[in-house]
Amino acid sequence: MEKIEVLAPAGSWGSLEAAVRAGADAVYMGGPRFGARAYAENPDGDGLRKAIDFVHLHGRRLYLTVNTLLKERELEEELWEYLAPLYRQGLDAVIVQDYGVLSFIRKHFPGLELHVSTQMAVSGPWGAALAEQLGACRLILPRELSLEEIREIRQNTGLELEAFVHGALCYCWSGQCLMSSLIGGRSGNRGRCAQPCRLPYNGKRLLNLKDLCALPVLPQILEAGVCSLKIEGRMKSPRYTAGVVSVYRKYVDRYLREGGENWQVDPADLHLLRQLFDRGGFTEGYFRQHNGADMIFPGEKPERREVDEALLEKVDRQFLSGEIPEKLKGKVNISKGIPATIEVAWGDFHAVTAGEAASEAKSRPLEEETVRRQLSKLGGTGFCWESLDIFVEPGVFLPMGALNDLRRRAVEEIQEACCRAYQRTI
């Protein structure tokens, strides 16, 4: 079985950190240009480069949304300048809607994964075959597909398949809606949808779909060939991101341990999801039905219901504060007359840092306990020691400042070793 990916939305830096804390394998986010959520708190270029390093330092991936239709001037003059620094930094993939954008990126940015956006409306094996031929490696499935249709695509393509499993549903077929553009002058295909389908018509909200929640059919979705489970919500809060990701992480891990037999969803988890956001209940979407009136919530958005503050505060405590420590293994050698060294290993990454040479102690010799205490001051770095082997030659002295400098530079060098592994040249 392919690795099952929990893919989280990150419309802000807070949501990015929340997604990583809650167990997402990857995040998708937009930048200041060309994304289908123009009103999210999208970071600028420097912020995106920082985000790329952040996810890589935690062993995760970042996919950039370039999923609007571009004008000729934008494609010819602006797209390269926008993507080049992110490509150098190690961006993992780009999500695209425009076939011109797909061809441009394939030509100018070799090795960068191309994910076909649901906005491209590739809904069958022939479209998938074309996308694969043009260089895509992943297809983000339209929300309107059934399990049977997903299986047919899986059987006829080598593309990875990604499916939305939670969050808002569009009333229209993915990528084909012009309603916002025609009514309000704000094009959804340019990232500025005004969501007119949520408004009342003739006194009722006839087009207002409930939110998707695919937990009850998660085993069937995975067995149909989906390998990436996508959560919608780049406009929502870090609390929402953390809570939803944590629930889906729980059920993916359960599936990997136990399989899909006797599959049940804990009502407490559904309660948490409703507390995080409620648009009149949930629907399983189109996975097991073509459509139906029960997918629509025609009433007003639920009034301020009784909120489970204790439950939401628990989410905040777990995922919205504190560090996300990665575990290091270290070996320290402090001997007279030679530079003190610390070797740091973290996964596949390795760094050796040399510092000041130890001298002969005139009064109080350096002790192992002192070295361990100073080197363990890793607060704010995102790291902690899994193991730290220390050798201190008897009768030597090394200033505390030298130990602190050794620790600081060791952390910097292992971070740089990780980030360099992802970086590219053009």
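Predicted model: local features only at pLDDT ≥ 70, side-chain atom pairs only at ≥ 80, totals over all residues.
How many bridges join strand S1 to S2? Three, and the two strands, with S1 covering residues 5-9, run parallel.

If you want a spot to look at, find proline 9, which stands opposite tyrosine 28 in S2. Strand S2, residues 26-29, is covered on both faces. Ala26 and Tyr28 are buried on one side, and Val27 and Met29 are buried on the other.

Now let's step back to the whole chain. We have 13 helices and 16 strands, and the C-alpha atoms fill a box of roughly 90 × 55 × 40 Å along the principal axes. Of the 426 residues, 53% are buried. Among contacts with a separation of 6 or more, 71% link residues 24 or more positions apart.

On to the cores. The largest nonpolar core has 100 residues, and Leu79 and Ile105 touch the most other members. Helix H9, residues 238-258, gives the largest share of this core, with nine residues. What does leucine 79 touch, once we leave aside its neighbours within four places in sequence? The list is Phe34, Val66, Leu70, Glu74, Val101 and Phe104. Apart from this core lies another one, of 30 residues, and its members include Ala340, Phe349, Ala358 and Leu366.

H9 and helix H11, residues 309-319, meet at an angle of about 90 degrees, with their axes 10 Å apart. The two helices are therefore roughly perpendicular to each other. On the H9 side, the contact uses Arg239, Ala242, Gly243 and Ser246, while H11 brings Leu312, Val315, Asp316 and Phe319. Sorted by class, that contact has four nonpolar, two polar and two charged residues.

Which strands form it, and in what order? Four strands make an open sheet, ordered S13-S12-S11-S15, with mixed pairing. Strand S13 (349-357) and strand S15 (383-392) are the edges, each pairing on one side only. From one strand to the next, the twist averages 15 degrees. S11, residues 326-334, runs parallel to S15, and nine bridges join them. In that pair, glutamate 326 stands opposite phenylalanine 383 in S15.

Two helices lie across these strands. Helix H12, residues 368-375, lies across S11, strand S12 (339-346) and S15, running at about 155 degrees to S15. Helix H13, residues 400-422, lies across S11, S12, S13 and S15, and runs at about 155 degrees to S13.

Is alanine 345 buried or partly exposed? With a relative accessible area of 28%, alanine 345 is partly exposed, because buried would mean under 20% and exposed over 50%. Not counting residues up to four places away in sequence, alanine 345 touches Leu328, Lys329 and His350.

Definitions and conventions: Residues numbered from 1 in each chain as written. Heavy atoms only, no water. Core = buried A, V, L, I, M, F, W, Y, C linked by side-chain atoms within 4.5 Å. Buried < 20%, exposed > 50% of the residue type's maximum accessible area, 1.4 Å probe, protein only. Contact = heavy atoms within 4.5 Å. Pairing = 2+ DSSP bridges. Axes fitted to C-alpha atoms, helices over the stretch in contact; angles between N-to-C directions. Parallel < 35°, antiparallel > 145°, perpendicular 65-115°, else oblique. Nonpolar A, V, L, I, M, F, W, Y, C, P; charged D, E, K, R; others polar.
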